[in-house]
Amino acid sequence: MIDRRSFLKLCAAAGIGTGLFGYRDVFLHMVPGNDRGRKARHPVYGNGQEPEWLLDPETGRHRANPKFILRHTVDLQCHSECGLRVKIERRSGRITRILGNPYQANCRSDYLAYDMPISRTATLPGTVCARGNTGLQTVYDPYRVTVPLKRYGPRGSNRWRPISWEQLIEEVVEGGRIFADTGDPASQDLEVLGLRGLYERRHQLMDPEAPELGRRTNGLVLQGGRIKATRRAFQKRFAHAFGTVNEYEHTNTCEVSHHIATHQVYPGKHAVKPDIRGAKFLMFWGTSPGDANFPMQTLAKYVSEARAKGLRYVVVDPVLQRGGVLGDYAEWVPIRPGTDGALAIAMIRWIIENQRYHAAYLSHPNAESAEAAGELSYTDATFLVVIEAGHPLEGAYLPAEKLGLEGEHVVIGPDVEPAAAEKAETSVLDYRGTVDGMHVRSVFGLLRDSAFRYSLAQYADICGVSEDKIAALARAFTSYGRKAACEFYRGVVKHPNGFYNGLAIHMLNVLIGNLNWKGGISAGGGGYQAMSGRYDLKAMPVPKP
Amino acid sequence: MTDPFLVSRLPKFPEPLYELLNVAHNRPFSLLFANYSWFLGLAGGVALVWVLTARGRGRRDPVHQLTMPLAVVTIIAGFLNVLAEVRQPGRLYTGYLYGWNEWDTAVIKYGIILLPLFLVTCWWLTFQCLDRAALEKGIAGLPKGLRPLADLVTFWSRRYDLFAQPLTYRLVLGAVTVLGLFAPLYSGVFLMYEHGVPVWNSPAQALLFIATAVTKGAAVFLLLAPLLYRLATGTRLRMTAYEPLRWLAVAGLVVSAVTWFGWMWWLGRLGTTTDQQFTALLAGPYHALALWHWEIIGLVLPLIVLATLLFRYRIATWLAAFGILWGSYAIRLLVVLGGQALNRSGAGYLDFTLEPQVIAYTGFSTIFLLGLLAALLLLPFHQLEEEG
């Protein structure tokens, strides 16, 4: 029988020997400092990327690494259109890295002045979001579509084959039996009128029996993708010059309800944004900073900076997103999808009931009156609306000319007499009465009546947010003066009632009078002028179709 | 079964959603990091036990003597696992040449100095705890040419007694305490430095790793001391004298439980979105690992056994000690893999797939550990008169 020490010796030899044998590959790679089986380029950083900048130890300055080319461009993978700095290997011409362009406002809070030399930006990189980074994968995606694809089976069969650009242009322009090669019995004998043939018939009606359909050229439908400003301008010019009104782009099928709701409240604007860095309290409806909206990374940066300085914010969303909306600076308010309008109107009800709206601001009926009081804008809150049932003007503003007043709209002045809105210095906010034999109501009064149609409990039932929470949100929203704002986006508007959801949320901003105030909602101010500059597209008339 | 301590405001992850189609992220760590953390934790734990038992019967104490060989082999096993984990193992030694400057803000630059120092210290103390006369005899019995080498390897331990002077003795105890705390702390702090994994960015896991290290340091002796002593000396060890170790384990278990449940309470109620998702993960697909392997087997049952009269039953003590070792591995697995499971894109979670290579390295490192331990048990240990 084996003794104790022999047993230990045997175990030692077997254990150490087996262990070393099992780890032989590890040791073999360790000695030469290999990285994944290859000799590492750098003893510490392994086979990581070679930097695009080289530090001159004598001067302490950076200079460009001649092995790479840096190109600045714009990321069109989303609507934010952030600036990119693309690192391209000079030898292969391949992109090796995508960074943010530090000169572009989306990519740095303290974006750099254009006159700063590029070599000084080596240690001031711009940021780019995850999607921006994946541009590399998009460019080199083996399945990326880089040539025209033509269907060669029945519709819906998902069978495509690449064709040349010349073939595409030939078939689209000249038409004919262009689907003859598809083998699709439904379309292979179809005689298609190409663009040339269509254009030659531009003076013919599409259907003489239905002249409202317009000319034959309306048969061309141009559906663009996410194109904006300049590209949209060219698409529009081409379509209109050709003679079709059927020219669309991404927004027509996406967040158009957001734009229309915004336009209804802030005429001429289709988007407003909160002044995040100046705000004390923000409500994000159907969009979470850091997860959605645009410019996504800019919003995320600003919110991060602001919450470190005391910003509180609430995200109203059925889904808890990953933007860090929990903790003592932020709150997630879950809501039933598509019921944001109910929550907004409930808050409006509470605000009106508790007189937490900005009555002085809302009482200014014109720009002069508002400006004299130090306001930056005015509203139609005191304008009178005809509510006389069956009256031809029911639901419309009461026209000043109807009362023989000089102006366009009518308000009730401080003397409780009708006055032209354009001339009055102030006006009664909540008015119901009879003017010239017509029942009228101020706009603010109509909002009040609408909000008071349901109780908080009923609103709570609809949206799934408790009465207490509604009251707390409304109280918080009205506790920071004008340094509060509501921002909303697709989660709110992409419903059949999206327009009304948006309208109700905008009303919250209006009630506290935060338009264009620091920390409030901003209706634009500056930005990149896409339609002027190298090509002055504004000066070029857009032909009518 | 619902875990009353894991309260998440998020719904549980649906079971079929193991892997969602999303941008794939490489995971920085596999099972091997959990191994590394567990072995280093055990080394730190037994080193702390060494310090605590030093005041008793000193260097002749069986537990005291067996501690340092155990620390040595577990540190080496930890190193083996991390070597297999990193894709560029050469980085570890090039770190000594360039790390201090190149890894300027990384905790690793402290680890690459203090952990090898811990190993060298434990190796040195292994020989200092031996019977000097027997060591002298053993080295003298070697061929003449090998004696200088043996002296070098043993740091000339046959020629001096580190514990003879109170000052040096206290210095050694202090140094081992610092290094013993650092070893389990390090793997927790290392995770905290990993960017992009919010769950790891918490000091709770560092505290948890220390507490579980102390617990398993005590548990490993409750479980293995008689066997190791028998193998080392051929004599039997009566465990009655080592009952105080159970109170050390109990203290560690209590601190672990408070830290764990406090952490989960905080995450579930006040944590960020990612923290919430982590708790949802623990309440969903990782539920068994969290509840059974860690909370029940690793915490509650050992606590019941060691804090009550059940301790008198040898089998119960062994099971409790085994549960502690098992549970301390489960908690590391939970934290390491759970942190990585959360998809940065927010869609579902990434499932963990055990790779054969990882299993192989786990097995080889364990076999190596056992072999090295067997070799160290051949050293001349003191034998207490009352044993045998």
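User: What distance separates the centres of domain 1 and domain 2 of chain A?
Analyst: This is a predicted model. In it, the centres of domain 1 and domain 2 of chain A, taken over C-alpha atoms, are 33 Å apart.

User: Which domains is chain A divided into?
Analyst: Chain A has domain 1 (17–48), domain 2 (53–139), domain 3 (146–193), domain 4 (204–255 + 526–545), domain 5 (258–356 + 456–522) and domain 6 (359–450).

User: Turning to the contact, how many residues come from chain A and from chain B?
Analyst: Chain A contributes 34 residues and chain B contributes 36. On the side of chain B that touches chain A, α2 (62–85), α3 (90–102), α10 (273–283) and α13 (356–376) each supply at least two residues.

User: Which of them gives the most?
Analyst: That is α13(B), with eleven residues. By class, the side of chain B that touches chain A holds 21 nonpolar, twelve polar and three charged residues.

User: How do the axes of α1 of chain A and α13(B) cross?
Analyst: The axes of α1(A), residues 4–22, and α13(B) come within 7 Å and cross at roughly 150°. An angle over 145 degrees counts as roughly antiparallel, so α1(A) is roughly antiparallel to α13(B). Their crossing is left-handed.

User: Which residues meet there?
Analyst: From α1(A), they include Leu8(A), Cys11(A), Ile16(A) and Leu20(A). Among those they meet in α13(B) are Tyr361(B), Phe364(B), Phe368(B) and Leu372(B).

User: And what classes do the residues of this helix contact divide into?
Analyst: The contact of α1(A) with α13(B) has 15 nonpolar residues, six polar and no charged.

Notes: Residues numbered from 1 in each chain as written. Chains lettered and ligands numbered in written order. Predicted model: local features only at pLDDT ≥ 70, side-chain atom pairs only at ≥ 80, totals over all residues. Contact = placed C-beta atoms within 7 Å. Helix = DSSP H or I, 4+ residues; strand = E, 2+ residues; numbered from the N terminus. Nonpolar A, V, L, I, M, F, W, Y, C, P; charged D, E, K, R; others polar. Axes fitted to C-alpha atoms, helices over the stretch in contact; angles between N-to-C directions. Parallel < 35°, antiparallel > 145°, perpendicular 65-115°, else oblique. Left-handed = near helix turned anticlockwise from the far one by under 90°. Domains from an automatic or database assignment.
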